[in-house]
Structure formats: structure tokens, C-alpha cells
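Trainee: Please take a close look at one part of this structure for me. I would like the contact between the two chains, with its cut-offs.

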Amino acid sequence: MSTPSFAVEFTRVRKTYGSRAAVKDISFSIRPGEFFSLLGPSGCGKSTTLRMIAGFEQPDEGGGEVRLNGKLVNHLRPYERDLGMVFQSYALFPHLTVARNIAFGLEQRGVPRAQIGDRVKKAMDLVQLDGTTFGDRLPPALSGGQRQRVALARALVVEPPILLLDEPLGALDLKLRKQMQQELKELNKRLGITFVYVTHDQEEALTMSDRIAVMADARIAQVGSPAEIYERPRTPFVARFIGESNFLEGDIVADAGGRLTVRHPAGTFTVPTPPGGVVGTRIHVALRPERLLLPDGDAAVEGDNSLPATISHVIYRGEMLHVRVAVAGGGELVVATRNEGQLRRPMAYKPGDAVRVWWHAEDVQVLEADPT
Amino acid sequence: MRVRRSIFRVINRRESWAGWSQVAPTLLFLVVFFIVPLAMMFGSSWMARGTYGGIEWRFTAEHYVRFADPLYLSILARTLAWSLGATLFCLLVGYPVAWTLANAGRWKNVLVFLVIVPLWTSYLVRTFAMIFLMRDSGLINTLLLKTGLIQEPLELLYTPGAVMAGLVYGFLPFMVLPIYTSLEKLDPTLLEAAEVLGARPAARFWKVIWPLSLPGVAAGSLLTFIPALGSYLTSDLLGGAKQMMIGNLVQNQFTTARNWPFGAAASFVVMSGVLVAVTLYLRMRDKAPGGGL
């Protein structure tokens, strides 16, 4: 057999509990060394997917294949898979010292006692835990961040080819979370270990991942790089779940010069021709708030599309201002503009003003329907 | 330990009157119904025996010295051996039961209820029921004879085995429940963590489940060992009063033998055994993470 090209490979994997499908025929592959995130709201199947990689859950009988490094593992127990895993609750053994916790996997693998101390120390260095200070402490005496590091060291010390992380930063405060995000990302690059990361936090996934699989309703809605997921969401669900989105719909009335003309109650606009866009059918598009433009005073704006609207309110967000506008004929759009300093250069609009909202046709994302 | 310390914190405060008034009812109860009787017992164990029962006000250590007699030493040894044996048996039988209960899902409460139900009946009645099971014409022998496995009824009753069976049967719930409690608290993700780290089932048990259930095991052993140590009904009824436990000795001294001081001394010998067991337990609990009961 040639060297496997994928660290993790799911082929039409299905998992049902009674009559409820936790995962419906999902397929994806993770390249070695990749930082791969499973992102989705709770109940979307991301944890079940991770648990199938770990071996705690098995796919249904005849429900597809799970491969790790090319090897079919559907029926292998977790202890036969040689993985590392960090749990949301850390799951540190409360009766063992930090050093014994980290040594656990090495002891199970029959690593000679003489080497264990050394490797434990190295693992603690890796996660920036001082061995002489923390080695003899019991987990209940540690802070959340310290426990997190112990859990990470315990998983990494056995040098697994694949590390599974189940919302590992969920219990940390914001500042520590940001710091750990960066450290995890660095560890992934430095060690060359494949990271499979489960999270419901879209910002975390965007920041850390090489690629993201967005899951919804037991299926994978879209797999792609953070930029692809954010800038080219394929379905309304992805557009809504990752960042904020505006949605417009209308009827296609013309198809000319690589552009579709769409009629909306408030006017017409154009979008790049998507595959399958047929005159006479309905079309759904998404627009990111920061891609929408408001003319700044009298200055002309760029953009080749616009719709008339009325300002409904301006929300101060610090670095950004979110302007909500009501579009004639129903619907609301959010326009995000940079805050130029409201004390010195206040916003030119107030609620009730009539404006035109502009954008570039290329920034419009044509959506497929959500799978039902 | 923790409780005692906090009581002192209450009564050491400047507004100590308020503190004392809070603990006074408890203190009064303990003094009247526990400390005073215990002191009386202890005092009389150092007194001479009255001719017709009761005590004579003369100091003597003879009742304790009497325990050096091989007769009493053997009673003491037998009591210890049987109590420890019963505790060990209860542990061997009770641990798997507790594990099953803790993992019974929605049947958990029903099963726990079933473990407790026998305690609704008096221990005396249950011991008589054991007699009906084990005697020559009892259920066990009848069944074995009918199926032709044996030709003569087995001698079950009035043997050390019968006493052991009675003790195990009687005190099993006290072993099961504390172990169940500690196993029920066990976080199942710890087992998953161990499994990913390469631990097979046996390693998961000995490295994670067993150490984390030790507080329950200790509490259960204590709750089994102490009543077993002081039991006298079982050896009387199931053992046919052929071989005494120290509980029988105490009972005899206070009733038929009318030697109260010696009975009191025997009680304190039992109590010192209990004290050792409790001390061991407390030491273990203080060392264990997360504490015991």
C-alpha cells in the first residue's frame, strides 16, 4: 500500500441513534498535518463525528467507512487507534498528580520507566508548564488554564499522529482563550500533528483552521478554507452561521454579458451568472455587511449596484458602526462601516434619512437552498 | 473533621453565646445519651463484680486481664476473622452489584430500591428466614435432594459457613450503597480519556475506577465491619451458639452470667477494634481526592 494521502477519511458515514440520525452519509478527508475544524451549532453532529474518529462511536452497520492514515478502523476500539484527545472537561484523573496524569499514556504503551520522566518533562515544556512547580500537584489544585495545559501535554506526550480536540477552550476566559488559540496553532505547525478541532465558535474556527467543515443537521454543509467559507458561503445556513449576512431574493429577468439581472421589489440589481441561473426562476443571494457601502456625504461611492433604503438605526460597535436600513418593498440590510471617530467626524446619517445602499456585483454570493 | 473545625469556629467567636446556644441542644443530647452512659460503662469495666449482678465499688483490672485467657483470645480472634471475612465477601459480592447499579441507566432507582427493601424487615426475621433456607428440611436441601444431586441433606445450618452467609446477607446493602455512590459520581469521560490513552478494560478498572471508588469501598467496609464485629444474633441463631463471637460474650455477661463489669470490658474491647477501623478510614479519606461520604 502506498503512503496514505489522508490522515482521516470519512466515506458516506452514517450514525443513527434509534430513529434519530446523528450523522447522515458524510464524506470528508483531512490531510496530514492539517488544522481541521468541525464547526456547527450544538446537535449538528460534530461531536458524534469526532467520537467516531476517536472510536467511542461506531458507524452504523454498512454505514460507510472511517479510515485513519489509510487504515479502515470502523471496528477498532479507541485504545487500538493511537490517538491523542483533549476533552472539553479536560478529564484529568483527579487521583493522580500532574506528572502521573501525563505519564498515563506512556505507561499504557509500556514505555520504560527510565524514559517516562524525561518525556513527561519535555511534554510539560511544550505546553509551557513548569515541571518542578506543577509536577506533584493534583488536578483539583490547578486553575482552568493550567488544567488545559496538562490535558494537552497528556495527549501530546505519546506523540500521536492525530490529535482530537473537543471544544477544549470552551471553559476558559476570553483572554486566555485567545492566547491558547495561538499556542495550539503554533503547536500544530511545529509538531506536524494533524489537529481535528470541534467547536461551535465560528471566530475560533476562522482564526485557527487550515480548513473548516461546517456542519448542520447531521450533514456537512460546506468544507473549505476560512476565506472560502466566509466569502463564498454556499447555503443560507453557512452564510448566517459564519459572521453576519444580508439576504436578498428576487426573480431573474435577464441573462446577458455574464450577468443576471434580478428584479427586487425595491429595484433591479445584477449578479455574476451562477451555474444553473435560469431566467424566470427565483434567486437567493447573500451580502456581507462590510461589503455594503453608504455614500459618505456628497462623495460618490464605488459600486455598480444599489437599492433605495431608509436608515432605521445606527449601532455603535466600537471599531465599526452597524447601520440598519429598511429596503423599500420589505426586508432589512445591515451596513457595516468603519468608525471614523464619532466625536470628531460624526456619521452623516440619522434614522429616517433616505439613502441608496451600494455594492459590487462581484461581492454578491449566490446561494443554494439549504438541504432538507 | 471538617465539621468539628467549623463548630469550633462558631463558638470561638466573640459572640460566643450565640454560638453556644446553637450547638447546645446537640451537645446536651450527646452528653446525656452518649457520653454519660459510655463513661458509666467504662467506669464499671474497672470495678469488681457484684455477687448477684451489678457492680461492687472496688477498682480492679481483672476483667481486661481476663482477655489474655486463650478462651477469650480465641473468641476475639474468631470475631475479628469472621468480621473481616464477611467484609471481604461483601466487597467481592457488593462491588459488581454496585457497578451494575451505577450503570443501570433508567433502572437505577428501581434497583437501588430493591437493594434497600430487605432492610425494611427486622434483621432477626431475616435471620430466621435464613434458618428456613438452610436447615436439613429447608429449601436448599429439599431442592438438592429432589434433583438427586445429593442423597443426604447437607449440613448447612449451625456451621461457621452459615454464620458467614448470614453476616454477608445481612450487611451487604451497607457495602453496596457507599460503593454505588462513589461509582455513580465517577465522570465517564475519565474512562474515555483512559481509553484513548491506550488503557484496556483491566487497566481502566485498576488505574481509574478502583482508585476513585476507594472512598466508597472504605466507607462500605467500615459500615459492614462495625456491625459484624458487634453482632451476636447471627452466630447465635445460624451458628447454633456453638462458637461465640464477642457480641455473644457481652450478651451473656450482662444476662445469664450476671458479670456486668466483664461485659462492659468486653464491650470496650469491641469498641477499640471499631476505633482502629474508623481511624484507618479517616486517614484514607483525608488522603483521597474529593473526599469520601
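Mentor: Across the interface of chain B and chain A there are two salt bridges, each a side-chain nitrogen of Lys or Arg within 4 Å of a carboxyl oxygen of Asp or Glu. A:Arg77 and B:Glu195 form a salt bridge through their side chains, at 2.7 Å, N to O. On chain B, α9 (188-196) and α10 (201-230) each supply at least two residues of the side that touches chain A; helices are DSSP runs of H or I, at least four residues, numbered from the N terminus. That side of chain B divides into 12 nonpolar, two polar and six charged residues. Here Ala, Val, Leu, Ile, Met, Phe, Trp, Tyr, Cys and Pro count as nonpolar, Asp, Glu, Lys and Arg as charged, and the others, Gly among them, as polar.

This is a predicted model: local features need pLDDT of at least 70, side-chain atom pairs count only at pLDDT 80 or more, and totals for chains, interfaces and linings use all residues. Residues are numbered from 1 along each chain as its sequence is written, chains are lettered from A in the order written, and side-chain values use heavy atoms, without hydrogens and water.

Now the extent. 20 residues of chain B are in contact with 21 residues of chain A, contact being heavy atoms within 4.5 Å. The two chains bury about 1,900 Å² between them, 67% of it on carbon and sulfur atoms. Buried area is the accessible area (1.4 Å probe) lost on putting two parts together, summed over both. B:Glu195, B:Val196 and B:Leu197 supply 36% of what chain B buries against chain A, more than any other three residues.
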